[in-house]
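Here is a friendly briefing to read alongside the model.

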Amino acid sequence: MIKFTKSFKTPDPIPQAGIEQAIKLMQKGRLYRYNFSDDFNNYSQRCELNNEDEELATEVAKLEHEFSLYTKHKYVVAVNSCGSSIFLALKAVGVELGNKVLTNAFTFTAVPSSIVHAGGVPIYVECNSEYIIDIEDLQSKIKVHPDAKFFVLSYMRGHISNLDTIKNICNQAGIYLIEDCAHSLGAEWDGQLVGNHGEIACFSTQSYKLLNSGEGGLIATNNAQFAAYCILAAGSYEKLYKKHIARPDDDNLFEKLKPHVPNFSLRMSNLTAAVLRPQMEYLEHKISSGQQRYDCLIQTLSSVRNIYIPSPLKKVKRAPDSLQFNLVGLTSEQVEQFLQQTSERGVAIQIFGRYDNSRYYKNWQYSFKETPCLEKTESIISLACDIRLPSSFDADDIKLIGYIIKDVLYKILRIDDHQDYPNGLTDHFETIEEVRGKYDSWVLFYDQEHYDNGWTVLLNHIAYTLTSYLKQDTLILDIGCGTGLLARELNSYGFKNIQGLDISQNSLDLLKDQEIYNALHLEELGNTLSFADNRFDALVSTGVFTRNQVPLESFKELIRILKPGGIFAVVLRVEDDDLYYKPIQDYCDLNMWQEILKTKISVLKSCNHELVILQKSSIGKH
Ligand SMILES: *Cc1c(COP(=O)(O)O)cnc(C)c1O
C-alpha cells in the first residue's frame, strides 16, 4: 500500500538574506526595535541614519513601511502575534469591559481569546456551507444584541465572506469592523486586498501562515487615531513613536493620547523583522504556487461524489495554503475509519469540530457561561476536514495525497456484502448483440453498482499509476468507455485529452453533455476501427477484455491505431489468463509490443484483476 512520507508541518525556510541580517543583528546586539542613539530625532525613510549600527536598528520600522506598501494602508504597527494585533485593535476602537463583540463561530481560538483579553464578550455568528459568515444569522444576532458595536470578522483558512453585504450591515448598525487576515494575506475581494474593508486589519506571521517568523503580527489601518493608539499601546513610550516610518505624522496626536494609553509591551523584535523583510518579495510567487497546489488537489478529488469542496464567492481571489472539504453521506463510523486510515498512510487530516481541536467553539468555555447554540456551524464543522499544503509539496506529492484520500474513501464506501453484479452478468456472451443489450440496459445503475462493489478503487489505482507513464496532454482512447468512470478518474489526475469508444449508444448518449471526453465513437471491437494508423498516444481499457465479451482479433486493430512507443494499459481478469493474456503475449513474442508492467489489483469478490501495460515497439512493422 502506497504511503505519503513528507511532513505536513514543514514550515517555509528563511531566505538567506534574512539569515545573514539576523546574524548581523545578533553580532551587534541590536535586537530591540528602538535601539537608536538618544539624540535620534524623527526617523523618516528620507533621512539618512548616521552610522551602520543605527541603520541596523530599523528592521521593524522598515518592515512596517514595506508591509504598508504591500497592503496599501497608511499605517502599520508590528507586534508579537496576530492575537496581540486583534487585542490592540479592539482596544483602539474602544472596546471596554463587558462589551459585546460579534465574531465567527468557525475560527481559531486566538480570536475569541483576544476578545476576552480586551474585556469583550464574544457573540458567535454561524457559518454557512462555504465556511463563511451566514448573513441571515449575522442580521439576527445584531437584532438580538443591538448593543454589539464591534465585529471581528475572521477569514478563517482564507475563506472570504460577502464583504459588500457585511460592510453595509456594519455601516447601518454603526458597528466597527475589524478584519482578522491571519490566513488571508494577499487574498482579494472585488480586486482589492482584504484588510482594506474595515477599520483595522490584523495579520499573522506565525510559522503556518504565508510569512514565517515563528511568531509575529501586524496591525494595518488608515485611521490616524487608531494607529497612534496601537503604536503607543504596543510599547512605544516617551518619544519612541518618532522611530516609526508608517505612522501618523502629527506628534501632537501621540502626545495627547500618551497619558491615557497603557503600554502592553507587545513589540515585535528586530530579529523577527529581519527574517520577515526578505520574504515580502516572494509573496506573489508563494500565493500563486499555493493556488496551484490547491487547484491540483481539488482536481484530483473532483471525481469523488462524497467530498464537498466549498467554492469562493465570485468577487473573491483566494490565497490558499490548505484545503478544506466536507465529507458527505458517511456514517460516523466511516468518518472515524477515514481519519484513521488516511493518517496511517501518512496523510494528516484534522476535523475542525472535534474536542481535541482548538477551532471547535465548544472548546472555548473561557468565553461563555452557557454553550451557545450554533446548529448550522456544528453540522458543517463536524464533518469539515482540513489539510495543510506546505510549499515543500510538489505536484507529484499533491497527486499522491489525492490518490490516498480517494483510495481510502472508495474502500470505506464499498459495501462489504454487496454482490458484485446483483443484476446478473453472464460469464459468456453468445453474440455481440447480447453484449450491446447488456450495456445499453445497464447504463442507469452502472455507476452506483460500481461504487458499491469497489470498482472505483481499481479505477483510481489505474489512473494514478498512469501518471508515471503518460504525459498530461497525451491523446488517450478509452476503449469501452461506458459511463465514463475511468475517464473521470483520468481527468482528475490532469489527463484531459481523452476520447471514448463504446459499443453502447445509450452509454454514449449519457456522456454527450458531460465534459469528460473530447470525442465519442460508437464502434465495435473486432471490426476495422475508423481511426488512422498510429492515431493515439495511449489506449486504456478496463472491464472490456473479460468474459469473452470481445473477440481476440481486436488486439491487431489496437496495435494499428497506437503510435509507435505508445502505451496500451489494459485490465484483465486473472481468471481469464488463457483467454486474453495469451494472445497479448503472442504479440510480445512477435515484438509488436513489450510488457512493461503487470500488477495484481483485487477489488471484486467474484474475481481478481491485473493491470497490464504494454508499449508498442518503436521500430518495425505491424
Ligand atoms: C493563526 C490565526 C490567528 C492567530 O495568529 P497568531 O499570530 O498565532 O496569534 C488568528 N486568526 C486566524 C484565523 C488564524 O489562522
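Counting a salt bridge wherever a side-chain nitrogen of Lys or Arg comes within 4 Å of a carboxyl oxygen of Asp or Glu, the total here is 29 salt bridges. The model is a predicted one, in which local features need pLDDT of at least 70 and side-chain atom pairs count only at pLDDT 80 or more, while totals for chains, interfaces and linings use all residues. Residues are numbered from 1 along each chain as its sequence is written, and side-chain values use heavy atoms, with hydrogens and water left out.

**Salt bridges**

- Side chains of opposite charge can pair when their charged atoms come close.
- Lys 286 and Asp 12 meet through their side chains in a salt bridge of 2.9 Å, N to O. Lys 286 belongs to helix H11 (residues 283–301) and Asp 12 to the segment before H1, so this pair ties together parts that are 274 residues apart in sequence. Helices (H or I, at least four residues) and strands (E, at least two) are DSSP runs, numbered from the N terminus.
- Both Lys 286 and Asp 12 are buried. Buried means under 20% relative accessible area, exposed over 50%, and partly exposed in between, with a 1.4 Å probe and protein chains only.
- Asp 164 and Lys 315 form another salt bridge, with 2.5 Å between the closest N and O atoms. The pair links distant parts of the chain, 151 residues apart: Asp 164 is in helix H7 (residues 163–173), and Lys 315 is in the loop between strand E10 (307–308) and strand E11 (316–317).
- Asp 164 is partly exposed, with a relative accessible area of 29%, and Lys 315 is partly exposed at 35%.
- Arg 247 and Asp 251 also form a salt bridge, their closest N and O atoms being 2.9 Å apart. Arg 247 is buried, because its relative accessible area is 7%.

**The chain as a whole**

- The chain holds 20 helices and 21 strands, and its C-alpha trace spans about 95 × 55 × 35 Å along the principal axes.
- Of the 622 residues in the chain, 58% are buried.
- Contact means heavy atoms within 4.5 Å. Among the chain's contacts between residues at least 6 apart in sequence, 72% join residues at least 24 apart.
- The accessible surface of the chain is about 26100 Å², and 49% of this belongs to carbon and sulfur atoms. Accessible areas come from the Shrake-Rupley method with a 1.4 Å probe, and for residues only the protein chains shown count as cover.

**An enclosed helix**

- How many of the eight residues of helix H17 (residues 485–492) are buried? Seven of them are, so H17 is largely enclosed by the rest of the structure.
- The buried residues of H17 are Leu 485, Leu 486, Ala 487, Glu 489, Leu 490, Asn 491 and Ser 492.
- After H17 comes Gly 494, which has a positive phi near 100 degrees.

- Most residues other than glycine have a negative phi, and most peptide bonds are trans.
- Glu 238 is not a glycine, yet its phi is positive, about 50 degrees. Glu 238 sits in the loop between helix H8 (224–235) and helix H9 (251–257), and it is exposed, with a relative accessible area of 56%.
- Asn 591 is not a glycine either, and its phi is positive at about 65 degrees. Asn 591 is located in the loop between helix H20 (577–589) and strand E20 (593–601).

**A nonpolar surface patch**

- Ile 19, Ile 23, Met 26 and Leu 31 make up a nonpolar patch on the surface, with about 320 Å² of accessible area together. Patches are made of residues with over 30% relative accessible area and no salt bridge; like charges are joined within 9 Å, and nonpolar side chains (Val, Leu, Ile, Met, Phe, Trp, Tyr) within 5 Å.
- Ile 19 is part of helix H1 (residues 16–28) and counts as partly exposed because its relative accessibility is 34%.

**Lys 9, ahead of the helices**

- Lys 9 lies in the segment before H1 and is exposed, with a relative accessible area of 57%.
- Which residues does Lys 9 contact, leaving aside its neighbours within four places in sequence? Lys 9 is in contact with Tyr 208 and Arg 388.
- From Lys 9 to Asp 576 the separation is 567 residues in sequence and 47 Å in space, C-alpha to C-alpha.
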